[in-house]
Amino acid sequence: LTPNGTGGFCTGGNIALTATSNPAYIYTWKKNGGTIPGAASNIYTANTAGTYEVTVTSGACSGVKSVVISEVAAPTAAIATGGAATFCEGGSVTLDANIGASYSYQWYKNGTLITGATAATYAATATGNYTVKVSAGASCEATSSAVSVTVNTTPAAAVTTTGSTGFCSGGSLLLTASSGTGYSYQWYRNTILITGAINGTYTATTSGSYTVTVMLGTCPRTSAATIATVLPSPSVAVTPVSSTIQKFQTQTLTGTGAATYNWSSLPDMVSNTATSAIYRPLTTHTYTVEGTAANGCKSLASATITVIGCGDVTNIATTSFSPSRVNITWVNPQDVTTDSLQYRKVGEATWHKIFVTGQAYELNGLEPNTNYEYNVIPLCTTTTVFIPSAVGTFKTQALENGIYVRLFPNPVAGTSRLEIISASNYSLSASIYDNGGKLVRVISSAENLPAGQIIKTIGAEKLANGVYHILIYINGKAQDIKMMIAR
């Protein structure tokens with residue numbers, strides 16, 4: 001029988017009572033124990049309150065079902081909240097629309113029916129606008145105004161670390177909390193608030209049980225505890241603390257206080273044992289020895305080996321570039337800062353000295369067809385006594401017919417130099433022409449120059465790639481140099 005147990009209808013209305021339908025069944029309806037005349041179908045429409053009973057007969061068998069029907073006033077629909085309608089994720093609020101047992105209820109969220117939500121109350125756990133329809137029969141119903149429920153997201157709260165949570169004395173452990181937009185933080189050690197520790201990370205320097213409470217709006221969540229442990233560091237010493245050796249000699253350093261040492265990672269090591277090492281530094285060096293205890297913690301100790309002397313330069317060589325230019329190259333010993341290059345004509349008493357940074361220098365303005373001697377003095381910070389290399393010699397090229405002309409480098413990518421050397425005073429004109437014979441630049445216009453060397457710098461930045469000709473007049477005699485611009 002539908003409705004089952006109880007039912008109701010609005011004043012002035014009615015309600016249909018429906019029994020199981022079967023053409024072979026015989027139906028007898030009663031109200032308050034009295035038979036209702038003419039009520040012989042499976043459906044009876046009640047318009048008064050009372051207890052209705054239907055007897056269904058099939059042959060010699062029958063079944064009886066009853067329902068209590070109330071005549072009720074038209075319902076009102078309103079929702080009362082059993083707490084705050086705004087709460088954190090994981091919580092809920094009870095919505096209450098109960099106005100009596102004679103009414104039926106159906107709850108909705110954002111206008112969509114909530115399956116199974118037919119009680120007078122509903123526990124809302126999700127954000128949305130909730131309404132309820134209260135009914136006493138199909139034509140007797142009311143729908144409430146919406147109640148807005150807001151569920152605030154509860155933040156994630158986990159702590160991550162990089163590597164082991166045990167760290168050495170003097171060290172630290174970086175604790176990183178879950179991150180998200182709008183998150184705020186408070187860190188705790190052994191459940192005690194750490195003043196000022198309100199960032200997404202915290203650097204722990206002492207042992208303890210660390211947690212973080214993460215807030216998103218008014219919603220908190222506390223992480224599981226991370227245990228940080230401070231391990232003791234070894235007391236490391238190295239002897240001798242200071243020593244002095246001549247260059248290329250060796251010095252033994254001995255360590256105490258640790259299980260292992262970083263001997264082999266230090267420079268200039270010759271050999272080592274578990275507790276000592278032999279070094280051959282070429283310059284003064286302070287060795288920082290790291291000792292590691294059995295628990296993995298490390299400590300440092302230092303020893304300085306002072307080295308006297310710079311060492312010899314090697315692979316000294318000369319290359320003649322022109323009758324007035326000679327390039328000298330060499331290889332410096334380790335840790336040389338600068339060199340003093342000195343040269344003179346053979347037979348002269350005075351040296352010309354040049355301080356050089358690097359391992360090459362081009363001597364310029366030399367006299368053609370002349371014998372020179374030179375040496376290189378390496379300079380370093382390990383001594384105040386600087387020893388020159390053995391004296392080397394070279395002879396400059398002779399001039400051919402008293403004149404030397406050369407463009408270098410050629411091809412030209414950026415700048416080039418036009419070198420002219422003359423054994424006597426001379427007049428000079430020089431211009432650049434493109435491959436079609438058009439004048440593009442004047443280098444020198446009718447200069448009267450003394451004997452010796454000049455160098456004219458030619459910049460190619462405004463010249464297109466291609467072939468050019470430098471037409472040079474020396475004492476009225478023409479020379480043509482083909483110049484290639486290639487970037």
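This report describes the fold, cores and selected residues of one predicted protein model.

## Basis of the model

Residues are numbered from 1 along each chain as its sequence is written, and side-chain values use heavy atoms, with hydrogens and water left out. The model is predicted: local features need pLDDT of at least 70, side-chain atom pairs count only at pLDDT 80 or more, and totals for chains, interfaces and linings use all residues.

## Overall fold

The protein chain has zero helices and 47 strands. Both are DSSP runs, numbered from the N terminus: helices are H or I with at least four residues, strands are E with at least two. The radius of gyration is 52 Å, well over the 23 Å that the globule rule gives for 487 residues, so the chain is more spread out than a compact globule. That radius is taken over C-alpha atoms, and the rule is 2.2 Å times the number of residues to the power 0.38. Along its principal axes, the C-alpha trace spans about 155 × 80 × 45 Å.

Contacts here mean heavy atoms within 4.5 Å. Among contacts with a separation of 6 or more, 54% join residues 24 or more positions apart.

## Surface and charge

Of the 487 residues, 37% count as buried. Buried means under 20% relative accessible area, exposed means over 50%, and partly exposed lies in between (1.4 Å probe, protein chains only). The accessible surface comes to about 25,100 Å². Carbon and sulfur atoms hold 52% of that surface. Areas come from the Shrake-Rupley method with a 1.4 Å probe; for residues, only the protein chains shown count as cover.

The chain carries 24 positive and 20 negative side chains. The centres of the two sets lie 4 Å apart. Lys and Arg count as positive, Asp and Glu as negative; His and the chain ends are not counted. Each charge is placed at NZ of Lys, CZ of Arg, CG of Asp or CD of Glu.

## Nonpolar cores

A nonpolar core is a set of buried Ala, Val, Leu, Ile, Met, Phe, Trp, Tyr and Cys residues joined through side-chain atoms within 4.5 Å. The largest one has 24 residues. Leu95, Tyr105, Trp107, Val132 and Val149 touch the most other members. Strands β10 (93-96), β11 (104-109), β14 (128-135) and β16 (147-152) each supply at least two residues of this core. A second, separate core has 22 residues, including Leu407, Leu449, Ile470 and Ile474.

## Tyr105 and Thr118

Leaving aside neighbours within four places in sequence, Tyr105 contacts residues including Ile99, Thr118, Val132 and Lys133. Thr118 lies in the loop between β12 (112-113) and β13 (121-124). At 47% relative accessibility, Thr118 is partly exposed. Beyond its neighbours within four places in sequence, Thr118 contacts Tyr105 and Gln106. Thr118 and Lys133 are 15 residues apart in sequence and 9.4 Å apart in space, C-alpha to C-alpha.

## Two buried residues

Gly255 lies in strand β28 (residues 251-256). Gly255 is buried, at 6% relative accessible area. Setting aside neighbours within four places in sequence, Gly255 contacts Ala237, Val238, Tyr261, Trp263 and Thr275. Asn371 is 116 residues from Gly255 in sequence and 58 Å away in space, C-alpha to C-alpha.

Ser389 sits in the loop between β39 (371-379) and β40 (392-395). Ser389 is buried too, at 14% relative accessible area. Apart from neighbours within four places in sequence, Ser389 contacts Val313, Ile316, Asn375 and Val376.

## Backbone exceptions

Most residues other than glycine have a negative phi, and most peptide bonds are trans. The peptide bond from Phe408 to Pro409 is cis, with omega near -10°. Another cis bond joins Asn410 and Pro411, with omega about 15°. Pro409 lies in the loop between β41 (403-408) and β42 (415-422). Pro411 is in the loop between β41 and β42.

Asn32 has a positive phi of about 50° although it is not a glycine. Asn32 sits in the loop between β3 (26-31) and β4 (34-35), and is exposed at 53% relative accessibility. Asn190 also has a positive phi, near 55°. Asn190 is in the loop between β20 (183-189) and β21 (192-193), and is partly exposed at 36%.
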